[in-house]
Structures are given as C-alpha cells and as structure tokens.
Amino acid sequence: MTKTGYEKSAEFYDYFDMKDNIDFFCSYALREGEALDIGAGTGRISIPILEKDIKTWSVEPSSEMLEQFINKLDEKPELNRLSELVQADACTFKLERKFKFAFMSGVFDHFLTNKDREHALTNINKHLEEGGLLVFDVFIGLMKDSSLKPAGIHKIDSKEIRRFVGSKTMDDKTIKVTLIFEIYEDDKLVEEIKQISYAGIINQKGVIEQVEQSGFQILNLYGNYDFTPYENNKELLIIEAKKLSGD
Ligand SMILES: C[S@@+](CC[C@H](N)C(=O)[O-])C[C@H]1O[C@@H](n2cnc3c(N)ncnc32)[C@H](O)[C@@H]1O
C-alpha cells in the first residue's frame, strides 16, 4: 500500500506524539454521535472515541500504522463492534455512507500539492451530510528548515529510544523531514532507524482558500486544542468547517 513515511517508525509513533488533542476531537464526536477519522494512524484518537461508545470509521493508508491500531484493538475486543477500519487514503477512500463529523490530525501536512489537497478535501466533502463538520489541524509554523535536533526520549525498562528530527525545504512547496530513532539497551546503542517523509508547504491563506473551494464554509479557526481563537502567524492552525449544500 501507499508509502506515507511511517514504514519504519510506526511502532514508535505513540511514544512521541504528545499532542494534547484527544479531548478536543472527542468533544465533536460526542456531540455528533459518530466520527470519521481520516489518517487515523495507530488509533491514538479513534480508540479513545470508541471508548466513549461512539461508532468510528478510521481511514488509514499505511499498513504499518494500521498494524499498530489492530494490535491495540486486539487488546480491547469490546471495541470491535463500534470500529470500522478502512485501508485507503484521503483522496480515494469510498464509503457507502455520509457522516456528520470527519476529522484529520497531523494529516493535512502530508498532502504535497494543491491537487492532492483539493482531491482529499473534495472526497471528504462527498462523504459528509449537508451541514456536516470537518475539523483538522495543520502545522504551518513547522514548515521551515531545521538541523537534526533531539525530539524526545522514551524509556521502557532497560531500553531507551531517543528521537531526533530535522527538516529541509526541497523547493517552495515541499519539505523533507528526517526522523532518527536511536535504540539503546543498557546504555549501549544497538540500533539506529532513519525515516524520511515529506510535508507540503502551505500558508494560512492557502489552506483557507482550498477549504472554501472544496465546498466548505469555515466556521472557526482555532490556535489550540482548547478552542482558543487563531492568531495570525501562529504555528498551529485548526480549521472547523461545514459542508455547504450540494455534492
Ligand atoms: C502524524 S500521523 C497522525 C496519525 C493520527 N491522526 C494521530 O493524530 O495520531 C499522520 C497519518 O496520516 C497518514 N497519511 C499520510 N498520507 C495520507 C493520505 N494521503 N491520506 C490519509 N492518511 C494519510 C499517515 O500514514 C499517518 O498515519
């Protein structure tokens, strides 16, 4: 299946994604009574929503991320009746159903071109009921060059995983992100894993234009997962949009 840049790092994903956004997305799911999680990854957000007894459809292209998701569900078999996993990407997934609420976290940056963004947003729009909500975050401020820097340590017994992140702009539209994971056992470096991925560069105006051109009306722009309004030029932009009438 499609390479999304998580082939070698999926097993470490949950150790380092510290975004405090589960309650934020859960609050919409609770209000709307269902959720469509696009780019659901390891189920970091889908699973807490399922635990609130909310039916959740989780779309994810990466086999490696899905494997992590399935491992977690295997530990919680009571959630299977509420969970639909779909291996597909945002641009092409097809479900015979329309939703009241869809969301993406950490996914929009993976769309590399305006065409990709348009395909994904249009396809999501098709899957929403009229007035249905799309909520997603985009990390505008992270789209710049940075040398490889420490980005977290996770310890499990005698094992320590050290993560490093660096980024380099390739042209004015794409940024290459390098992740290094150093694995230490009893203070000895036993393995080094390198994972390359790419992110699309887009500014606030560009995101808003693309959302509006794909059949949505923007309802709110937030700057944090506590519903704080967005202030221009802040790193994190969260879009809350509703589907306008028509398909
Ligand atoms: C930063 S992770 C976020 C995972 C999850 N949403 C979370 O917040 O824990 C980004 C996810 O987007 C997925 N992804 C990348 N390109 C995608 C695409 N075109 N369509 C849907 N998902 C995609 C990746 O495979 C990965 O699982």
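1. How many bridges join strand S7 (residues 159–169) to S8? The count is 11, and the two strands run antiparallel. Strands here are DSSP runs (E, at least two residues), and helices are likewise DSSP runs (H or I, at least four residues), numbered from the N terminus. Two strands pair if DSSP finds at least two bridges between them.

2. On provenance: this is a predicted model, in which local features need pLDDT of at least 70, side-chain atom pairs count only at pLDDT 80 or more, and totals for chains, interfaces and linings use all residues. Residues are numbered from 1 along each chain as its sequence is written.

3. The sheet is open. It holds 4 strands in the order S6-S7-S8-S9, with antiparallel pairing. Strand S6 (146–156) and strand S9 (188–200) each have a single partner strand, so one side of each lacks a neighbour in the sheet. The twist averages 20° from one strand to the next. For that angle, axes are lines fitted to C-alpha atoms (for helices over the stretch in contact), and angles run from 0 to 180 degrees between N-to-C directions.

4. Now the S7 and S8 pair. A hairpin of 4 residues links S7 to S8. Within the pair, Gly166 stands opposite Thr178 in S8.

5. Strand S8 (residues 174–185) also pairs with S9, antiparallel, over 12 bridges. Val177 has Ser197 of S9 as its bridge partner. Lys176 faces Tyr198 in S9. The S8 and S9 hairpin has 2 residues between the strands, and Asp186 takes a positive phi near 45° there.

6. Helix H4 (residues 63–75) passes a length check. At 1.5 Å a residue, its 13 residues should span 18 Å, and the end C-alpha atoms are 19 Å apart, which agrees. The expected span is 1.5 Å times one less than the number of residues.

7. Met65, Leu66, Gln68 and Phe69 are its buried residues. They cover an arc of only 155° around the axis, which puts them on the same side of H4. The arc is that of the directions from the helix axis to the C-beta atoms. Glu67, Asn71, Asp74 and Glu75 are exposed on the other side. A residue is buried if 20 or more other C-beta atoms lie within 10 Å of its own, exposed if 12 or fewer, and partly exposed in between, with C-beta atoms placed from the backbone.

8. Last, the ligand. Of the 19 residues around the ligand, Thr4, Gly39, Gly41, Arg44 and Gly106 come nearest. A residue is near if its C-beta atom, placed from the backbone, lies within 6 Å.
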